[in-house]
Amino acid sequence: MRPTVYIKDLSQHVGKEVILKGWLYNKRSSGKLKFLILRDGTGYVQCVVFKGNVSEEIFESAEKLTQESSFEVKGKVREEKRAVGGFELDVIDLKIISIAHEYPITPKEHGIEFLIDNRHLWVRSKKQVAILKIRHRIIKAIRDFFDQRGFVLFDPPIITPNACEGTSTLFEMDYFDLGKAYLTQSGQLYAESGAMALGKVYTFGPTFRAEKSKTRRHLTEFWMVEPEMAFYNLDDDMDLAEEFIEYIIQTVLKEMKEELKELERDTTNLEKVVRPFPRISYSEAVEILKRKGVDFQWGNDLGGTDETFIGEEFDRPVMIHRYPAEVKAFYMKRDPENPKVALAVDVIAPEGYGEIIGGSQREDDLDALLFRIKEHNLPQSFFEWYLDLRRYGSVPHAGFGLGLERTVSWICGLDHLREAIPFPRMIYRNTP
Ligand code: 4AD
Ligand code: MG
């Protein structure tokens, strides 16, 4: 039953007969000829049905095929420089597997809401296939990067008893007799326990934020990769972050040329993403904003448009460090040289893609952390296990989180995160 040849491998079968299986992407007729574009997930190939070469029955089958009908086709592979993918198939035999009903997504333009309503079908279209393949390659690059550098994958729980990144964006649920539980916002706190056990770890999985903001940069369910390293300070953390981003971008540029071309992505700016990245303090970022005429008070958090303004100043990602402690999470270590600021770093992508990484050196002092937990009105009892990490051999440590969909979006040049994940979840959408 299963195919023995896929479209992507046709170059190995030139001059030979093959059987391909897939779906009808498009069709064109011209008298005695039918041109069927077959797609099988690995590529596209034009299948040429010539009336003189096949039986009446086969020619009629080709006639019957509607957009997205599934079929099996036998033919001889011919090199054809001008054709999509560089090959054509001269059809000898054709079997219909299933005739598709009238397909809702036609080559004409559709509104975005209609397309997302049909996301389960939309993923078949050329552009979406290219995005999904790039997403896959990015995920592999992420894993390769950490695996090659001695990190251990450490899987945190999804159901958690407390907040990690602040209580305002928690998804809540009833958890049997134990009261409320929440969907995780980040695996970081657990990753810290992993770092104390294994030295260098990373978590990689879905995380959840009940984001009330309807922006193009926010999903309520998104994937995050979070490395956490024992004996790393903020500088070490930034070194790793820039090496990591450079690796992802350069790998995708090298290996996903065809897909980036399909997306008509101008890669000039991506090619510039090489180390070192500029590093500026939050205070310097505020100076840039003021110079650009933005009315901005030291102490406020940088918003999406502020990040875009700052990002525009540089031709590669910029690392902004040492934010006012007030706007950052409880677990971040204060700068011993200026306790007003936290040893935090955000990495802002160029081309208006905003924050792709948030990270920090963690508070490793038991008393300081206890104080922060109280100051943030967090329930200390839920954090006792986390405080234990400071009771039993505490060490300086740091880590960061990279948002997968923001990275996919940036690399693919998308204008909204909804196309960067198979089934996007947003404040106003949880279907299909
Ligand atoms: O800056 P955030 O909130 O950092 C953390 O969660 C830390 N615990 C990470 C760590 O130090 N281990 O989120 C990290 C990244 C952001 O920079 C962004 O790329 C992405 O996660 N992100 C989102 N992506 C899509 N939709 C959302 N609602 C997102 N919120 C954050
Ligand atoms: Mg952040």
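Visitor: Before we start, which pLDDT do local features need?
Guide: Residues are numbered from 1 along each chain as its sequence is written, chains are lettered from A and ligands numbered from 1 in the order in which they are written, and side-chain values use heavy atoms, without hydrogens and water. Since this is a predicted model, totals for chains, interfaces and linings use all residues, side-chain atom pairs count only at pLDDT 80 or more, and local features need pLDDT of at least 70.

Visitor: How many salt bridges does a search of the whole structure find?
Guide: A salt bridge here is a side-chain nitrogen of Lys or Arg within 4 Å of a carboxyl oxygen of Asp or Glu. One network of them links Arg78, Glu80, Arg82, Glu88 and Asp90. Over the whole structure, the search gives 39.

Visitor: How many residues apart in sequence are the parts that glutamate 405 and arginine 135 tie together?
Guide: These two side chains form a salt bridge, with N to O at 2.8 Å. Glutamate 405 belongs to helix H13 and arginine 135 to helix H4, so the parts they tie together are separated in sequence by 270 residues. Helices (H or I, at least four residues) and strands (E, at least two) are DSSP runs, numbered from the N terminus.

Visitor: Is glutamate 405 buried or exposed?
Guide: The scale calls a residue buried under 20% relative accessible area, exposed over 50% and partly exposed in between (1.4 Å probe, protein chains only). Glutamate 405 has a relative accessible area of 1%, so the word is buried.

Visitor: And arginine 291, is that buried or exposed?
Guide: Arginine 291 meets glutamate 313 in a salt bridge of 3.5 Å, N to O. Glutamate 313 is partly exposed at 36% relative accessibility. For arginine 291 the value is 62%, so this residue counts as exposed.

Visitor: What percentage of ligand 1 does the protein bury?
Guide: A nitrogen atom of ligand 1 is 2.6 Å from an N or O atom in the side chain of glutamate 165, and an oxygen atom of the ligand is 2.9 Å from a polar backbone atom of isoleucine 356. Taken alone, ligand 1 exposes 620 Å² (Shrake-Rupley method, 1.4 Å probe). Of that area, the protein buries 94%.

Technical notes
Polar contact = N/O pair within 3.5 Å; in protein donor to acceptor, adjacent residues only side chain to side chain.
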